[in-house]
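Here is a short report to read alongside the coordinates.

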Amino acid sequence: MTMSIRQAGPCFAGEVSGLDLRTPISPDDALAIHRGMDEYAVLAIRGPVLSAEQQMDFTLKLGEIEHAIGTSLRAPEDYRWPTSFADVSNLDRHEKPLPRDDRRRLFAIGNRLWHSDSSFKPTPARYSILHGLSVPSKGGNTEFADMRAAWDALDAETQAECEGQVCEHSQMYSRSLIGFTDFTAEERERFAPVRQTLVRTHPVTGRKSLYLSSHAGGIIGWPVPEARAFLRDLIEHATQRQFVHAHEWQVGDIVMWDNRQTMHRARPFPDQEPRDMRRTTLAGDGPTAAQAA
Ligand code: OGA
Ligand code: MN
């Protein structure tokens with residue numbers, strides 16, 4: 001089978017065909033995936049449901065894992081998967097949808113805000129690889145925004161204002177936007193802000209992109225209200241329809257995105273229907289900015 005990619009979104013996002021992830025992919029296929037990610041920034045691969053081992057094998061063919069420890073409000077005894085996977089489902093460990101007012105569910109609703117994965121970690125994520133194990137009867141799309149196109153479309157004056165700026169990112173900030181503020185002392189420490197540059201340059205293509213995320217709650221050296229208003233304007237700009245692609249999930253889909261060049265968000269769905277999504281994440285190369293001492 002020969003692998004090929006066709007464009008699926010407005011100015012980015014590709015759909016891969018001719019790749020069966022139940023068997024190990026070849027080094028050539030891995031290279032073609034990386035090239036496709038460099039170009040399209042989001043790739044969808046339709047196919048049968050994969051075991052956790054098959055998803056992990058595929059992921060490790062592409063790079064090094066970022067572990068999902070301490071990034072959600074799931075306690076270790078709630079984990080449905082090893083910590084090398086992120087559980088992006090709405091299910092408890094008995095496979096039942098979490099109650100509407102469950103704290104873990106409400107925290108996870110933060111995924112409905114535009115974000116880039118792990119921008120709240122000193123070394124943020126490279127790719128996220130999300131596998132659809134069950135999908136709800138309606139809603140629940142994942143939307144992606146192309147942050148390179150968004151950068152290109154900014155006027156020169158705004159680009160100059162962005163260059164060199166460093167933002168503070170924390171999951172506490174994104175959650176406060178939706179009124180989730182009751183963090184424990186341990187969580188406040190765990191979710192302490194980290195620094196990220198506002199403009200990134202892709203290491204292979206050299207294209208610049210806006211590095212935005214709803215986790216960003218400040219710009220170093222700026223008054224907070226001014227920084228937040230500026231970041232809000234940028235997110236509004238970057239998520240206009242012409243920069244956005246929506247993925248409509250089918251069971252068995254793998255959707256992977258480059259967190260360095262895109263933002264994404266989950267869309268709502270009927271809360272008592274299972275939506276089971278299992279994510280592996282590739283680690284980034286290193287910090288994008290020097291951290292506070
Ligand atoms: C994620 C995420 C969106 C979704 O897995 O990082 O934000 O649609 N998922 O579940
Ligand atoms: Mn995410």
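E143 counts as buried because its relative accessibility is 7%, under the 20% limit used for that class. This is a predicted model, so every value here is computed from predicted coordinates. E143 has a partner in R241: the two form a salt bridge in which the closest N and O atoms are 3.8 Å apart. R241 sits in the loop between α8 (224-238) and β12 (244-247), while E143 belongs to strand β6 (residues 142-146), so the pair ties together parts that are 98 residues apart in sequence. The arginine end of this pair is exposed, since R241 has a relative accessible area of 54% and the class begins over 50%.

Which residues form salt bridges with R103? One of them is D182, with the closest N and O atoms 3.7 Å apart. D182 lies in the loop between α6 (171-177) and α7 (185-190), and R103 in helix α3 (residues 103-108), so this contact joins parts that are 79 residues apart in sequence. E187 also forms a salt bridge with R103, and here the closest N and O atoms are 2.7 Å apart. That pair links distant parts of the chain as well, with R103 in helix α3 and E187 in helix α7, 84 residues apart.

How covered are these partners? R103 is partly exposed, with a relative accessible area of 29%. D182 is also partly exposed, at 48% relative accessibility. E187, by contrast, counts as buried because its relative accessibility is 6%, which is under 20%.

| R103 and D182 | 3.7 Å | 79 residues |

In general, side chains of opposite charge can pair when their charged atoms come close. The count for this model comes to 22 salt bridges. Some are joined up: R74, R80, D87, E95 and D276 are linked in a network of salt bridges.

D87 falls within β4 (86-87), and D276 within strand β15 (residues 276-283). Both strands belong to an open sheet of seven strands with mixed pairing, in the order β1-β2-β3-β13-β5-β15-β4. Its edge strands are β1 (4-7) and β4, each of which pairs on one side only.

On one side, seven bridges join β5 to β15, and the two run antiparallel; A125 has A283 as its bridge partner in β15. β5 also pairs with strand β13 (residues 254-258) in the antiparallel sense, over five bridges. Among the bridge partners in β13 are M256 for I129 and V255 for L130. Strand β5 (residues 125-134) is mostly covered, with eight of its ten residues buried.

D155, E157, E161 and E226 form a negative surface patch. Within this group, D155 is placed in the loop between α4 (147-152) and α5 (156-162). D155 counts as partly exposed because its relative accessibility is 43%.

Technical notes: Residues numbered from 1 in each chain as written. Chains lettered and ligands numbered in written order. Predicted model: local features only at pLDDT ≥ 70, side-chain atom pairs only at ≥ 80, totals over all residues. Heavy atoms only, no water. Patch = residues over 30% accessible without salt bridge, like charges linked within 9 Å, V, L, I, M, F, W, Y side chains within 5 Å. Areas by Shrake-Rupley, 256 points an atom, 1.4 Å probe, with all protein chains shown as cover. Salt bridge = Lys/Arg side-chain N within 4 Å of Asp/Glu carboxyl O. Lys, Arg positive; Asp, Glu negative; His and termini not counted. Charge placed at Lys NZ, Arg CZ, Asp CG, Glu CD. Helix = DSSP H or I, 4+ residues; strand = E, 2+ residues; numbered from the N terminus. Buried < 20%, exposed > 50% of the residue type's maximum accessible area, 1.4 Å probe, protein only. Pairing = 2+ DSSP bridges.
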